[in-house]
Amino acid sequence: MKSGDKQFAVIGLGRFGLSVCQELQQAGAEVLAIDIDEERVRSAAGIVSQALVANCTNEETVAELRLKDYDMVMIAIGADVNASILSTLVVKEAGVKNIWVKANDKFHSKILSKIGADHVIMPERDMGIRVARKMLDKRVLEFQELGSGLAMTEIVVGSRLLGKTLGDLTLCKEKNVQVLGFKRGPELIKAPDLNKALEIGDLIIIAGPSDILSRKLSTL
Ligand code: ATP
């Protein structure tokens, strides 16, 4: 299914919520943007398919929005933790299957998971981790947490790996670690031959348990 076939709702149009809306809409998805604040809804109206003023801690209001017909609902309320928790509960009870919620800290995140949020994200923490990883190792272009303890990473082959094969890399021998693809020039090779000799500038795309990827990336 393409992103254009999916319907998303975003509740809370702060800087984070609005960026989510913008990116989803640009990818061709249908986006419903919701906020309790009229001014914020007005600023989202030019960006998304539909923007509405609503208080998502109110059960009847949420029922009228028919959010359970949406593929994913993002709750991006930060400053008001009570509103974030209550909205999550109300949206969950309205039968929404795939709920993403932004959390401020560990305790907020724990509560959200316990009341049924499917994905909890902490943007400042997650971005801090990604930036630090990039600062530590320029060979790692991207490190993306996929949820459930899994991650995906992109590695550029430098001089230390020249002449080695994918099969030589200890990272690729780890349990549940999978080479998803390999790129040399414009060509993307899916499920590449592990005996192929690496060249400088090759891009390796790997997925697996995030703790193993984190640990092994520094030994490459
Ligand atoms: P950032 O701007 O970095 O995303 P933040 O997460 O703290 O920061 P807020 O400024 O808290 O963002 O924005 C959250 C948005 O959620 C606000 O626009 C606020 O009006 C909206 N909001 C708060 N309570 C509700 C509610 N009950 N229903 C719908 N929207 C709400």
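Visitor: Which residues are buried in α4?
Guide: This is a predicted model. In its helix α4, the buried residues are Ala83, Ser84, Ser87, Thr88, Val90 and Val91.

Visitor: What covers them?
Guide: The cover over the buried α4 residues includes strands β1 (7-11), β4 (72-75) and β5 (99-102). Helices α3 (59-65) and α5 (106-114) are also among the elements there.

Visitor: How many residues does α4 have, and what is its reach?
Guide: Helix α4 runs over residues 81-93, so to speak 13 residues. From first C-alpha to last it reaches 18 Å. That is close to the 18 Å expected at 1.5 Å a residue.

Visitor: What comes just after α4?
Guide: Gly95 does, with a positive phi of about 95°.

Visitor: Back to α5. Which residues are buried there?
Guide: His108, Ser109 and Leu112 are buried in α5. They lie on the same side of the helix, because they cover an arc of only 100° around the axis.

Visitor: And what is exposed on the other side of α5?
Guide: Lys106, Phe107, Lys110 and Lys114 are exposed there.

Visitor: What covers the buried side?
Guide: For the buried residues of α5, the cover includes α4, β5 and β6 (119-121). Helix α5 is in turn part of what covers the buried residues of α4.

Visitor: New topic. How many salt bridges are there?
Guide: The structure holds six.

Visitor: What does Glu38 pair with?
Guide: Glu38 forms a salt bridge with Arg42. Their closest N and O atoms are 3.3 Å apart. Both residues lie in helix α2 (residues 38-45), four residues apart, or about one turn of the helix.

Visitor: Which other residue forms a salt bridge with Arg42?
Guide: Glu39, with closest N and O atoms 3.1 Å apart. Glu39 and Arg42 are separated by about one helical turn, because they are three residues apart in α2.

Visitor: Why does that spacing matter for direction?
Guide: An α-helix has 3.6 residues a turn, so residues three or four places apart point the same way.

Visitor: Are Glu39 and Arg42 buried or exposed?
Guide: Arg42 is exposed, with a relative accessible area of 51%. Glu39 also counts as exposed, at 51% relative accessibility.

Visitor: Where else is there a salt bridge, say at Arg125?
Guide: The side chains of Arg125 and Asp126 meet in one, at 2.6 Å from N to O. Arg125 is partly exposed, with a relative accessible area of 46%. Asp126 counts as partly exposed at 22%.

Visitor: Which residues do shared partners join into one network?
Guide: Glu38, Glu39 and Arg42, through salt bridges that share partners.

Visitor: What about nonpolar surface? Which residues form a patch?
Guide: Met127, Val131 and Met135 form a nonpolar patch on the surface. Together they have about 320 Å² of accessible area.

Visitor: Where is Val131 found?
Guide: Val131 is in helix α6 (residues 123-136). Val131 is partly exposed, with a relative accessible area of 40%.

Visitor: Zoom out. How many helices and strands?
Guide: The chain has eight helices and eleven strands. Its C-alpha atoms fill a box of roughly 65 × 35 × 30 Å along the principal axes.

Visitor: What share of the chain is buried?
Guide: Buried residues make up 39% of the 220 residues. The accessible surface comes to about 12500 Å², and 53% of that belongs to carbon and sulfur atoms.

Notes: Residues numbered from 1 in each chain as written. Predicted model: local features only at pLDDT ≥ 70, side-chain atom pairs only at ≥ 80, totals over all residues. Heavy atoms only, no water. Patch = residues over 30% accessible without salt bridge, like charges linked within 9 Å, V, L, I, M, F, W, Y side chains within 5 Å. Areas by Shrake-Rupley, 256 points an atom, 1.4 Å probe, with all protein chains shown as cover. Salt bridge = Lys/Arg side-chain N within 4 Å of Asp/Glu carboxyl O. Helix = DSSP H or I, 4+ residues; strand = E, 2+ residues; numbered from the N terminus. Buried < 20%, exposed > 50% of the residue type's maximum accessible area, 1.4 Å probe, protein only. Expected span 1.5 Å × (residues − 1). Contact = heavy atoms within 4.5 Å. Arc of directions from axis to C-beta.
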